[in-house]
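The sequence and the structure come first.

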Amino acid sequence: MRTVLIDDDTLALRLLALQLQHLGYGNITQCARPHEALALLESEFETIGLVFCDLQMPDIDGVQFVRHLARIGYRGNMVLVSGEDERILQTVRKLAQAHHIDVLGTLQKPFSLTQLQQVLLDTAARALLKPQSVHRTYTIDELQRAIDEGELVNYYQPKVSMATGALVGVETLVRWQRPTVGLVMPDQFISRAEEYGLIDDLTRVVLATAIRQAQLWRDNGLDLHIAINVSMDNLAALNFPDVVAQLARDSGVAPTQVVLEVTESRLMHDPCAALDVLTRLRLKRIGLSIDDFGTGHSSLAQLRDIPFDELKLDRSFINGASHDSGLRAIVEPTLDMARHLGMRTVAEGIETRDDWDLLRTCGCDVAQGYFIGRPMPAAELPAWHSSWAQRWQEMNAAA
Ligand SMILES: [Mg+2]
């Protein structure tokens, strides 16, 4: 794989290239102009595995660069380099992670060969753990076929009460089971479906399957909230609330059991229509959750304008909050605010016992994340449920 170095300081660029060569890296491209680097990344991203990027550059800074990388769908690794202090490096790192770009390390200039080596070792170790996702642009026909021929499969990630440990619901996460290829993750086809105008069809398939599944679970004694992610584009169709209500009615599922998670993934074309649809969903007692709260995609203005009844705090604030007073300073008042607004609070991305304990102390209502359970096919939920009940008992016996 190729390594790309971006820094307007050509001396720093040459020095880093020499250090990397010394450590055995062969295929290195140096870019003193970030725009050139972006063009290269866009056209040849499949050959690029690692990018070193300086944060201060004259025509485009590191933050803008990260945003562009996210836009072109870069899936490789990244190391941030800067003369700025560690705090700024960490901030940009979090920003990149919010865009789902893996920043495997930060280097504060000037750095030694040993420091560089350490970052690269961490990189190599993490790369082994990370499944290589292949970035591909799917055609409208491929996606249409996936929707029509039932190639979309719902996975469900458990949500549990932090007070009682009870399984209260699941979030539906769609996968595309491509024959002979395997599972494709939603970040690789959802925005494409929006572009092609297929998102309504796609969401309806996901919704219908999820609601039927909720009915099956209920028949087996599991009364669960079922959350489904909806796109702002879905909310442009004025009959959307009627479609959801009808699907619930057909399956004998109460509308209050259905929760729609809304993220503003891009600018609303018609804010009036969206508000109309969101308000009618609430009037029909369908749950509305503001997803990824705290990232650029959802804001206080939306809280003010839209009658949400659940707030999902974005994983970037939860992950590591137990060891980061800066994150805690955001998490605690946000949960307070949601409580005052009468909203249920959900913490996403809980991966460790420490973060679980912290969020529980803060009075968060519901937890979701790898610490509790990964997204899984419906059939695996009962087995997960009994092992979780076991773990819950052990956690409380030890406390
Ligand atoms: Mg969601």
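Arg 353, Trp 356 and Arg 360 of helix H14 are in contact with Trp 388, Trp 392, Met 395 and Asn 396 of helix H15. By class, the residues of this contact are four nonpolar, one polar and two charged. The model is a predicted one. H14 covers residues 353-361 and H15 covers residues 381-398. Their axes are 14 Å apart and meet at an angle of about 75 degrees. An angle from 65 to 115 degrees counts as roughly perpendicular, and H14 and H15 are therefore roughly perpendicular to each other.

**Domains**

The domain assignment of the chain lists domain 1 as residues 2-129 and domain 2 as residues 140-398. Between the C-alpha centres of domain 1 and domain 2 there are 33 Å.

**Backbone exceptions**

Most residues other than glycine have a negative phi, and most peptide bonds are trans. Which peptide bond is cis, with omega near -10 degrees? The bond in question runs from Lys 109 to Pro 110. Pro 110 sits in the loop that joins strand E5 (102-108) to helix H5 (113-129).

Arg 285 is not a glycine, yet has a positive phi of about 70 degrees. The loop between helix H10 (271-283) and strand E11 (287-293) holds Arg 285. Is Arg 285 buried or exposed? With a relative accessible area of 54%, Arg 285 is exposed, since the cut-off for exposed is over 50%.

Asp 292 is another residue other than glycine with a positive phi, here near 55 degrees. Asp 292 belongs to strand E11. Its relative accessibility is 18%, and Asp 292 counts as buried, because buried means under 20%. Thus the positive phi of Arg 285 falls on an exposed residue, whereas that of Asp 292 falls on a buried one.

**The buried face of H2**

Helix H2 spans residues 34-44, and its buried residues include Pro 34, Ala 37, Leu 38, Leu 40 and Leu 41. How are these buried residues arranged when H2 is seen down its axis? They fall within an arc of 165 degrees, so they line one face of the helix. Among the elements that cover the buried residues of H2 are strands E1 (2-6), E2 (28-31) and E3 (48-54), together with helix H3 (62-72).

Leu 50 is a residue of strand E3. At 6% relative accessibility, Leu 50 counts as buried.

**Pairs separated in sequence**

| Pair | Separation in sequence | C-alpha distance |
|---|---|---|
| Leu 50 and Asn 77 | 27 residues | 4.8 Å |
| Thr 279 and Ile 306 | 27 residues | 7.3 Å |
| Ala 237 and Ala 273 | 36 residues | 7.8 Å |
| Asn 319 and Gly 24 | 295 residues | 34 Å |

Thr 279 is part of helix H10. Its relative accessible area is 33%, and Thr 279 is partly exposed.

Ala 237 is placed in the loop between strand E9 (225-231) and helix H9 (240-251). The residue is buried, with a relative accessible area of 17%. Which residues does Ala 237 touch, not counting residues up to four places away in sequence? The contacts of Ala 237 are with Asp 200 and Val 277.

Asn 319 occupies the loop between helix H12 (315-318) and helix H13 (325-340). At 34% relative accessibility, Asn 319 counts as partly exposed. Leaving out residues up to four places away in sequence, Asn 319 touches Leu 327, Gly 349, Glu 351 and Asp 355.

Note on methods: Residues are numbered from 1 along each chain as its sequence is written. This is a predicted model: local features need pLDDT of at least 70, side-chain atom pairs count only at pLDDT 80 or more; totals for chains, interfaces and linings use all residues. Side-chain values use heavy atoms; hydrogens and water are left out. Domain bounds come from an automatic or database domain assignment. Axes are lines fitted to C-alpha atoms, for helices over the stretch in contact, and angles run from 0 to 180 degrees between N-to-C directions. Helices (H or I, at least four residues) and strands (E, at least two) are DSSP runs, numbered from the N terminus. Angles under 35 degrees count as roughly parallel, over 145 as roughly antiparallel, 65 to 115 as roughly perpendicular and the rest as oblique. Contact means heavy atoms within 4.5 Å. Ala, Val, Leu, Ile, Met, Phe, Trp, Tyr, Cys and Pro count as nonpolar, Asp, Glu, Lys and Arg as charged, and the others, Gly among them, as polar. Buried means under 20% relative accessible area, exposed over 50%, partly exposed in between (1.4 Å probe, protein chains only). The arc is that of the directions from the helix axis to the C-beta atoms.
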